[in-house]
Amino acid sequence: MKVVALAGGVGGAKLAAGLQDALPDGDLTVVVNTADDFDLWGLRICPDLDTVMYTLADFANPVTGWGVRKESFNSLGMISVYGEDCWFKLGDKDLATHILRTNRLREGASLTEVTAGLVEALGARARILPMCDEPVATILDTQEGPMEFQVYFVRRGQKDDVRGVELRGIEDAQITESVSVALAGADLILLCPSNPIVSIWPVLAVPGMRKALEASPAPKVAVSPIIGGRALKGPADRMLSSLGHESSATGVARIYEGLIDGMVVDLVDTAERAEIEALGVRVLETEAVMRDAEDRTRLAREVLDFGAKLAGRS
Ligand code: FO1
């Protein structure tokens, strides 16, 4: 079964790792948010792409979910000796990725091509595609004024209220040939349990993406990142509320209304089933928290079975 999963960072990467384990090699394509990419000290940093890539290639730091495991920070220490503010923790091994990516981009390769090279060298068993090749930047409207995503997320610890979201550069982006081909050949399309506002929405907002998704006859299934009203990780719950959505699985289903055929919710949210089904979305209730590799693979198998059932019905 050919599966395309739309994903952001840590939550999306976890489900993608389960899918990679549950599917035959080569059947999984992950389309990743690149709207939280940014430049630091002349290097192009793509946090979500790297989180997915490191996770699927078994290089990820298991504690943080981002960065490389068994990492050291000597270069960053030296950069701070030069007086720089090292608020974004780039490890020595991780730096190699950013140096090579930046160099290859400067030589003229596309982000899709550069990512494919990195993924192949690291040995992930899935295809990992950026949502687009053009730079897009998430700029958040906060009480402190417009704020770049990584400044909000890392430097200021997600403490600001988000009143609006701008995807700067999105109008000049376009769906890539690789993403188009993957979506056209998909038997199942998944929206991973990533932040619906700043991880999945940028992917959906790439010009041509909605049309390609709607043109695909494959069932589309979202896995709720909100469990019992709370985000397992990150600021998705507070962001949903401050932007006028409900911080619940139903709130997420409403955001995806018209696009998804199915939604996977945690057992603690079974009371929401009727409300979600009223949106024309079928519901799978299961244990949706992924604590370890076993959970990831079990959830992935259940999501795949659910998708296959939906495909059979349509
Ligand atoms: N997240 C943090 O909370 N603090 C960091 O210092 C940090 C460094 C970092 C370095 C490389 C990388 O690929 C990711 C990194 N992240 C860090 C995670 C990342 O910025 C966020 O999790 C995502 O952008 C949100 O999806």
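**Close-up views of the predicted model**

View 1. Phenylalanine 88 is buried, with a relative accessible area of 12%. Here buried means under 20% relative accessible area, exposed over 50% and partly exposed in between, using a 1.4 Å probe and protein chains only. This is a predicted model, so local features need pLDDT of at least 70 and side-chain atom pairs count only at pLDDT 80 or more, while totals for chains, interfaces and linings use all residues. Residues are numbered from 1 along each chain as its sequence is written, and side-chain values use heavy atoms, with hydrogens and water left out. Searching the whole structure turns up five aromatic pairs. In one of them, the ring centres of phenylalanine 38 and phenylalanine 88 sit 4.9 Å apart with planes at 80°, so this pair is edge-to-face. Rings of Phe, Tyr and Trp (its six-membered ring) pair if their centres lie within 6.5 Å; planes under 30 degrees apart are stacked, over 60 edge-to-face, and the rest tilted. The pair bridges 50 residues of chain, from strand β3 (residues 38-40) to the loop between α3 and α4 (92-106). Helices (H or I, at least four residues) and strands (E, at least two) are DSSP runs, numbered from the N terminus. Phenylalanine 38 is buried too, at 8%, and ring pairs join Phe38, Trp87 and Phe88 into a cluster.

**View 2. The seven-stranded sheet.** Read across, the open sheet goes β5-β2-β1-β9-β10-β13-β14, with parallel pairing. Two strands pair if DSSP finds at least two bridges between them. At the edges, β5 (127-130) and β14 (282-286) each pair on one side only. From one strand to the next, the twist averages 20°. Zoom in on β2 (residues 28-32) and β5, and you'll find four bridges in the parallel sense, with valine 31 partnered by leucine 129 of β5.

**View 3. Helices lying across the strands.** Helix α1 (residues 10-22) lies across β1 (3-7), β2, β9 (188-191) and β10 (220-223), at about 170° to β2. Helix α7 (residues 177-184) lies across β1, β2, β5 and β9, at about 125° to β5. Axes are lines fitted to C-alpha atoms, for helices over the stretch in contact, and angles run from 0 to 180 degrees between N-to-C directions.

**View 4. Inside the nonpolar cores.** The largest core holds 50 residues, and Leu6, Met131, Leu183, Met209 and Met263 have the most contacts inside it. Such a core is a set of buried Ala, Val, Leu, Ile, Met, Phe, Trp, Tyr and Cys residues joined through side-chain atoms within 4.5 Å. Leaving aside residues up to four places away in sequence, methionine 209 touches Val31, Met131, Ile175, Val179, Leu183, Val203 and Leu204; contact means heavy atoms within 4.5 Å. A second, separate core of 41 residues includes Leu15, Val114, Ala124 and Ile128.

**View 5. Two residues with positive phi.** Most residues other than glycine have a negative phi. Aspartate 58 isn't a glycine, yet its phi is a positive value of about 60°. Look for aspartate 58 in the loop between α2 (47-56) and α3 (74-81), where its 53% relative accessibility makes it exposed. Glutamine 158 also has a positive phi, near 60°, and lies in the loop between α6 (149-155) and β8 (164-168). At 16% relative accessibility, glutamine 158 counts as buried.
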